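Hello,

Here is the structure for you to look over. My notes follow below it.

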Amino acid sequence: MKCIAVVMAMNSEASPIVTLLNAEPLAEIPFMPFQLYEAHRNDCRIIISVNGRDKRHGVDSIGTQTAALNAYVVAERFSPELMITAGTAGGWIQRGAEIGDVYVSDQKFVHHDRRIAIPGFTEYGIGSYPAVPTGALARTLNLKQGIVTTSNSLDENDDDRRLIAETGGVVKEMEAAAVAYVCDLMGIPVMALKAITDLVDHHAATADQFAANLRMASEQLAEKLVQVVDFCAARSIA
Ligand code: SAH
């Protein structure tokens, strides 16, 4: 591959991988909040684009809006052969997750907060955008695999729980399905790499677990992301 794009939501998720790859900052894009970096692994260009700070609220621009915009701008500018949506996520004790595990996407990307009870729109809400097959990569790099499910909320309510059970989601986060939607439109193969910061079915509050484990999970993510990038850079999608 000549170019792999990695899109990420939070600064603290991105900083270990930026350091590990020795990535150099690129110029800002007018009007856009993104922070872009470039690195090289052998002959492959690695673009890391972080959602950046929200202009109005001053926090990291997490969630689907900026993720879709980021994926689109990066796809247009750099024509990557592969897009990776990388970051942290929630997992479930019941489904075998442990804090710090790194999951790679499986099968499809779904939404669990777009409930539209009108014929045809129900499936539109769920999305089900295809994930690039990663069986060989997961086996070689010893990564857990799972369906990634996205919403714009950090918590999980009863409706979310029901939808997640129906679609088989095992990795819960706030960006991947939006990135996968853009990649589906533009014909770019996409995978997610997500490190578990919190266990949804643990008694401790998600936000507290997230804060306690963010640094460790982001370091685990960086370590695996380098391996994933090297594995992919040396191969074609086929
Ligand atoms: N209070 C935090 C907010 C982080 S939101 C802060 O300001 O530092 C969570 C981010 O991590 C999102 O980008 C999302 O993709 C991911 N994430 C981690 N655990 C999650 C979970 N259980 N549910 C949804 N998103 C989660």
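A176 is buried, with a relative accessible area of 0%. This is a predicted model, so please read every value here as computed from it. A176 sits in helix α6, which covers residues 176-186. Setting aside neighbours within four places in sequence, A176 is in contact with T85, F109, V148, T150 and K194. A176 and Q65 lie 111 residues apart in sequence, yet their C-alpha atoms are 11 Å apart in space.

Next, the whole chain. It has 7 helices and 10 strands. The radius of gyration is 16 Å, close to the 18 Å that the globule rule gives for 238 residues, so the chain is as compact as a globular protein of that length. Along the principal axes, the C-alpha atoms fill a box of roughly 45 × 40 × 35 Å. Of the 238 residues, 54% count as buried. Take the contacts between residues at least 6 apart in sequence: 74% of them join residues at least 24 apart.

Now the surface and the charges. The chain exposes about 11300 Å², and carbon and sulfur atoms supply 51% of that area. There are 20 positive and 29 negative charges. Their mean positions are 2 Å apart.

Helix α1 spans residues 11-20. Which of its residues are buried? They are E13, A14, P16, I17 and V18. After α1 comes N22, whose phi is positive, near 55°.

Last, the aromatic pairs. A search of the whole structure finds 2 of them. In one, the rings of F121 and Y124 have their centres 6.3 Å apart and their planes at 80°, so the pair is edge-to-face. Both residues belong to helix α3 (residues 121-126). They are 3 residues apart there, which means a separation of about one helical turn. An α-helix has 3.6 residues a turn, so residues three or four places apart point the same way. Y124 counts as exposed, at 51%. The cut-off for exposed is over 50%.

Best wishes

Notes. Residues numbered from 1 in each chain as written. Predicted model: local features only at pLDDT ≥ 70, side-chain atom pairs only at ≥ 80, totals over all residues. Heavy atoms only, no water. Helix = DSSP H or I, 4+ residues; strand = E, 2+ residues; numbered from the N terminus. Rg over C-alpha atoms; globule rule 2.2 N^0.38 Å. Buried < 20%, exposed > 50% of the residue type's maximum accessible area, 1.4 Å probe, protein only. Contact = heavy atoms within 4.5 Å. Areas by Shrake-Rupley, 256 points an atom, 1.4 Å probe, with all protein chains shown as cover. Lys, Arg positive; Asp, Glu negative; His and termini not counted. Charge placed at Lys NZ, Arg CZ, Asp CG, Glu CD. Phe/Tyr/Trp six-rings, centres within 6.5 Å; stacked < 30°, edge-to-face > 60°.
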